[in-house]
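Thanks for making time this morning.

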Amino acid sequence: VQLQASGGGLVQAGGSLRLSCATSGLSSSPASSPAVVGWFRQAPGKEREFVAAMRWIGSRTYYADSVEGRFTISRDSAKNTVYLQMNSLKPEDTAVYYCALHPQTAIVEVETARGYDYWGQGTLVTVSS
């Protein structure tokens, strides 16, 4: 399984970016599919934090309070790609953004990074004031 994140860049405050996470190597069997796909971010000197997530089956979404109403996670099954649309960006959104997959387990804590077993390489988002 591989994840390839892209779409980061430099944007002014108030602007928008769309991140993409291309997935490959996943089984098409529902029993073997991930439980959740998530986006996390890590700013310099800070711990990695949860941004958004989506149930692989059913498409229920979850958002951190800090991005609720500004960011939208979505998935294009035909393209095996997950997106994070980021609007009204703020300087505090500056970070390296990672996409990740959480396997189907008895307990799925979507906001906890340690439960995710596959990670993309990260893409840098810089928001200037």
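Let me begin with burial: a residue is called buried when its relative accessible area is under 20%, exposed when that area is over 50%, and partly exposed in between, with a 1.4 Å probe and protein chains only. By that definition Pro34 is buried, with a relative accessible area of 7%.

Before going further, please keep in mind that this is a predicted model, in which local features need pLDDT of at least 70 and side-chain atom pairs count only at pLDDT 80 or more, while totals for chains, interfaces and linings use all residues. Residues are numbered from 1 along each chain as its sequence is written, and side-chain values use heavy atoms, with hydrogens and water left out.

Staying with the proline, Pro34 lies in the loop between β3 and β4, where strands (E, at least two residues) and helices (H or I, at least four residues) are DSSP runs numbered from the N terminus. If we take contact to mean heavy atoms within 4.5 Å, and do not count residues up to four places away in sequence, Pro34 touches Leu26, Trp56, Leu101, His102 and Gln104.

Leaving aside its neighbours within four places in sequence, His102 is in contact with several residues, among them Pro34, Ala35, Val36 and Tyr116.

Now to the charged side chains: how many salt bridges does a search of the whole structure find? The search finds four, a salt bridge being a side-chain nitrogen of Lys or Arg within 4 Å of a carboxyl oxygen of Asp or Glu. Arg41, Glu49, Arg70 and Asp93 are linked in a network of such bridges, and we can follow it pair by pair. Glu49 meets Arg41 at 2.6 Å, N to O; here Glu49 is partly exposed, with a relative accessible area of 35%, whereas Arg41 is buried at 5%. Asp93 also forms a salt bridge with Arg41, with the closest N and O atoms 2.9 Å apart. That pair links distant parts of the chain, since Asp93 sits in the loop between β8 (81–86) and β9 (95–102) and Arg41 in strand β4 (residues 36–42), 52 residues apart. Asp93 itself is buried, with a relative accessible area of 0%. Arg70 bridges to Asp93 as well, the closest N and O atoms being 2.8 Å apart, and this pair spans 23 residues, with Arg70 in the loop between β6 (61–63) and β7 (71–76).

Finally, the cysteines. A search of the whole structure finds one disulfide, defined as a pair of cysteine sulfur atoms within 2.5 Å. Cys21 and Cys99 form it, with their sulfur atoms 2.1 Å apart, and with 75° about the S-S bond the link is right-handed. The pair links distant parts of the chain, Cys21 in strand β3 (residues 17–24) and Cys99 in strand β9, 78 residues apart. Both Cys21 and Cys99 are buried.
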